[in-house]
Amino acid sequence: MPRPGRTLAGTVVAALALSLLAAGPARAADVNNARNAGFESGLGDWTCSAGSGTTVPSPAHSGSSALKATPAGQDMAQCAQTVAVRPGSTYTLSAWVQGGYAFLGATGTGTTDVSTWTADAPGWKQLSTTFTTGAATTSVTVYLHGWYGQPAYYADDVSVYGPDGGGQGDPPPTAPAAPTGLAVASTTSSSASLTWNAVSTATGYAVYQGGTRVASATGTSATVTGLSPSTPYSFQVTATNAAGESPRSQAVTATTAASGGGGGGGGALPRHAVTGYWQNFANGATVQKISDVPSQYDIVAVAFADATGTPGAVSFTLDSAGLGGYTVEAFKADIRAEQAAGRKVVVSVGGQNGTVSVNDAASAANFADSVHSLMRTYGFDGVDIDLENGLNATYMSQALRELSAQAGPSLVITMAPQTIDMQSTSSGYFRTALNVKDILTVVNTQYYNSGSMLGCDGKVYSQGSVDFLTALACLQLEGGLAPSQVGLGVPASTSAAGGGYVSPAVVDNALDCLTKGTGCGSFKPSRTYPDLRGAMTWSTNWDAASGNTWSNTVGPHVHGLP
């Protein structure tokens, strides 16, 4: 029983108060202790070595600004900040990076200092690690840096997340607002491409089809595939960040095209095709006109279109003087003759020295408009993407979608990534290919000038062998591309590349291994791919310099595949 003069309620309250006192004060919510974490205030609170850092409006992971730091000489372009922390506490250190090699770390932790890094990241990638402070540690130094001789890196949204160290770090994020401007960019019989306006505080977006989440995106566009022909679909999109997800946008309805409008670009190309690059310059190989290209080539890629002063835009100028007086009129007539014979001629963008950059909506539109203009001017059937200095998957996909909407279903889209670009489906090139799979003709990866790479079995293979061709092609065949969208890119002669040359007989063996399971080396695919598109070579000019041995051997073999 309660003591006389004391109520039961009073006893309970007193006991609860004693319990709270014994437990100590409640821990405050974790916060981001970094200041100016998104570089919205320039380089405020950050110190960069030797003037290596600046802030730029694009690319930005969120907000309107990001760090750009450029290594030079022996300087790794380090940018650092001293961050107040609480002793004996655990923190998560993270940042979003893009571009060249990027390192993220913390020193002065009082325990074990930490760091993490990534090689070239064509799109935004999050680096993350954790550290625990020592018993007397009240501040740490967090840093970002690149690597000697590597391109600039970009960084945004740095976070030192954990107990409040009292340094007045950036406030925690709030959930973003719903996106506006959702629209249908284009449709095929099996897909719908959507675009929307950016939300400044978003780090990603989610696409909903009829109330079900079906896709995610880091940029302001997405393509939903696997749809049925002649069918209306309702779509909405949300914005996301670390704090959560926004309400859904207004819905839009996309009606897919009738059957036969999708399934990849390429018009009336044969089931198995040979691609050859034609050089619009003289470099010691045989100088050719388009009319000199052997008939074994089904797709002729004219190398190269050039960047202009307008971001994303390209132009093409025939090197008439270097090609022995080849006139524009004759060039156009030769393209028409190729097309009359059932072959395709595309303009290639990039090359080893290409500097075309498509990294926002405006440059994507400029790319699409300028390529379509070249198609109308010269009669090209489409475009080849041969950007060897990285690409932005979001905006290159958007550019190709916009080009497809202008050019129509007969558009030919080819790609020629380097081997490193197709090692993972998370790479910019691979993601672009998958993003535009429904309008993509073929990806001819360059299996040369490469060194050693991983095959789909996780083993390392050296260039210049049948295993290198088959084990690396398997990455694409099992990574989401249709077999009809995969080709083997090789040099036509030893003079055509710095390394990785294989004889035409080895190319034929690789084609047989992938399509029929014969002619393999030590690597044998788990299944065959009879629909494999074929092969590509650099270049028709170097092939001609070797008596057209490559096309005379590989061409008939490709066209004779099952």
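Me: What should I know about the model before I start?

Reply: The model is predicted, so local features need pLDDT of at least 70 and side-chain atom pairs count only at pLDDT 80 or more, while totals for chains, interfaces and linings use all residues. Residues are numbered from 1 along each chain as its sequence is written, and side-chain values use heavy atoms, leaving out hydrogens and water.

Me: How many disulfides does the structure hold?

Reply: A disulfide is a covalent bond between the sulfur atoms of two cysteines. Here the term covers a pair of cysteine sulfur atoms within 2.5 Å. The structure holds three, and they follow the pattern 1-2, 3-4, 5-6, with bonded cysteines counted along the chain.

Me: Which parts does the link of C48 and C79 tie together?

Reply: C48 is joined to C79 with an S to S distance of 2.0 Å. C48 lies in strand 2 (residues 47-48) and C79 in strand 5 (residues 79-84), so the pair ties together parts 31 residues apart in sequence. Strands (E, at least two residues) and helices (H or I, at least four) are DSSP runs, numbered from the N terminus.

Me: Are C48 and C79 buried or exposed?

Reply: Both are buried. Buried means under 20% relative accessible area, exposed over 50%, and partly exposed in between (1.4 Å probe, protein chains only).

Me: What is the handedness of the disulfide of C513 and C520?

Reply: The torsion about its S-S bond is about 100°, so this disulfide is right-handed. C513 counts as buried, at 0% relative accessibility.
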